[in-house]
Amino acid sequence: MVELNKAPPLLFTDMDYKKVLQEISVALDYYTEQENPPGLLGGYAGCALFYAYYYNLTGKKKHLKKVHTLLLKSIQALSEEELVPSHCNGISGIVWCIQHLINAEFASADGMEDVFGEVDTLLGQVMEQEIKENRYDFLHEGLGIALYFLEKEQPSPYLNTLVKQLEAVAYRDERGVRWRDFVFGTRLGDPEEPAFNLGLAHGTPSIISVLGILHQKGIKSPLMKESIDWLLSTRNEPEEGITSLYPVLVNEKNEAMTGKQSRLGWCYGDLSIAMTLLNTGNWLENDQYKEEAHKIFTYTLQHRNNNNGSVSDACLCHGSAGIAHIYRRAYLTLKDPRLLLGAEHWLQQTLQMKTWKDGLAGFKFYADGKYENSYGILEGISGIGLSLIAALDPATTPAWDRCLLLS
C-alpha cells in the first residue's frame, strides 16, 4: 500500500536503476546471440524494443545496432521457420514489433514491402477464421493479430471485417455486451455455461481496448458503450476480506466463478480494468470512464499490496515492474502526483526482488509453482528493463506498451 501524500523512502536511486539496466543489457546480449525463439513477448524480437528505448536513454549506438541485428534475425525467422500466427510469440507479434520500430524511426521501411505484403493476407485470413470460431484470446488467438494491422498507417479492410465479426459473436442480454471465454471458462465449469473473462490478457477488456483503438481510427462500433456498461456491472459488492474491486471470471449472472479476489497486475484484476476504462475514456473522449478509472487507481494505491495482490516477482505481466508502469502510464493522462508515488513505490519493490545469485540481472520469475529465469517482455527481464527506462526517460513516450494494450 502507498501513503498517498508522502513520497516513499528511497532505498534505490536512479543510479541503481541504471546499473540494473546495464546488467539486463549484458544478459540480453548473450541471449540474443543464441538460438532462441523469435517471438515478441517471450522471444528475441521483443528484445529489440528494449534495445531501441535503451538507445534513446543512453545515446549509445551499439544498442541501435543491436536493434537492426535483431530485426534482420526476426525477418529471417519469418521466412525460414514455421511459426504460429499469434501476437504473443508468433508472426503477428514479430511484424507488430518491426512496424512499431519503423514508426518510431528506429529502423527504415526500405525493402519491407514484400515482408509485410506476404504476412498481411495470411494474418488477415487467420484473424477472420479464428474470430468466426470464437477464438479471440488476445495473446494467443485472433484478436491479437488486429494489433499489427492497427500499428500500420493505412487502415486494413480486415479491421472492418473484424468489427462486424465481433458484433456477430458478442453475447448480449439485459446486462450488456461481452464475449464468452471458451478457453479458461470451459475448463473451470460446465462447458455449456457461459463464462466471461475480466482480464486484459485474455478477456473482454482486451476486446473493448481493440474496439477503442479502432474507434480512434474512425472504425466505430455500437458495442463500445454496452460492453463498458457490462464491465462496470461486474464490480464486487463490498465484503469483509475482499480487497479486489473486480473478480477474474464471472458467469452469466455476473457471479464470480473463481472467487471475488483478483491479483494486482496487467493480466488480471483492478489495474487491468482501470487501464481499459482510462484508455477508452481517452479514445472516446468520455470523462466518466476516466473518472471511474481514477477512482480504481486511487483505491488500489490505498488498499492493495504484495500479499493481497499476489505479487510474487518483478515481471510486467503480473509483477511489480508492470504495476509501476501502469501507474506511470495513468499519471501521463490523469496528472495525479499520487500515481507517480505509486509508480516509484513499485519500482522500489522491483529492485528489492533482485536477490537471485543465479538469476538474470538478479531476477527470477514465478511460474508453475517455482522460480525460473526469463528473458522476455511479458514475464522476464526485457519487460523490467522497459519499465525502468520509462521511469528514467520521461521525455520519451513509452509507446512500446501498445503491445500490451496500455496505450
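Author: Happy to! Phe50 and Tyr54 sit 4 residues apart in helix α2 (residues 44-58), so about one helical turn separates them; helices here are DSSP runs of H or I, at least four residues, and strands are runs of E, at least two, numbered from the N terminus. This is a predicted model, where local features need pLDDT of at least 70, side-chain atom pairs count only at pLDDT 80 or more, and totals for chains, interfaces and linings use all residues. Residues are numbered from 1 along each chain as its sequence is written, and side-chain values use heavy atoms, leaving out hydrogens and water.

Reader: Are Phe50 and Tyr54 buried or exposed?

Author: Both Phe50 and Tyr54 are buried (under 20% relative accessible area; exposed is over 50%, partly exposed in between, with a 1.4 Å probe and protein chains only).

Reader: Switching topic, where does UniProt put the "binding site"?

Author: The unreviewed UniProt entry places it at Cys267, Cys317 and His318; such annotations may be inferred rather than shown by experiment, feature names are shortened, and positions follow the numbering used here. They span 52 residues in sequence, yet no two of their C-alpha atoms are more than 6.2 Å apart, so they gather at one spot.

Reader: Which loop holds Cys267?

Author: Cys267 is in the loop between β4 (249-251) and α11 (270-284). With 5% relative accessibility, Cys267 counts as buried.

Reader: And where is His318 found?

Author: The loop between α12 (287-303) and α13 (320-334) holds His318, which counts as buried at 11% relative accessibility.
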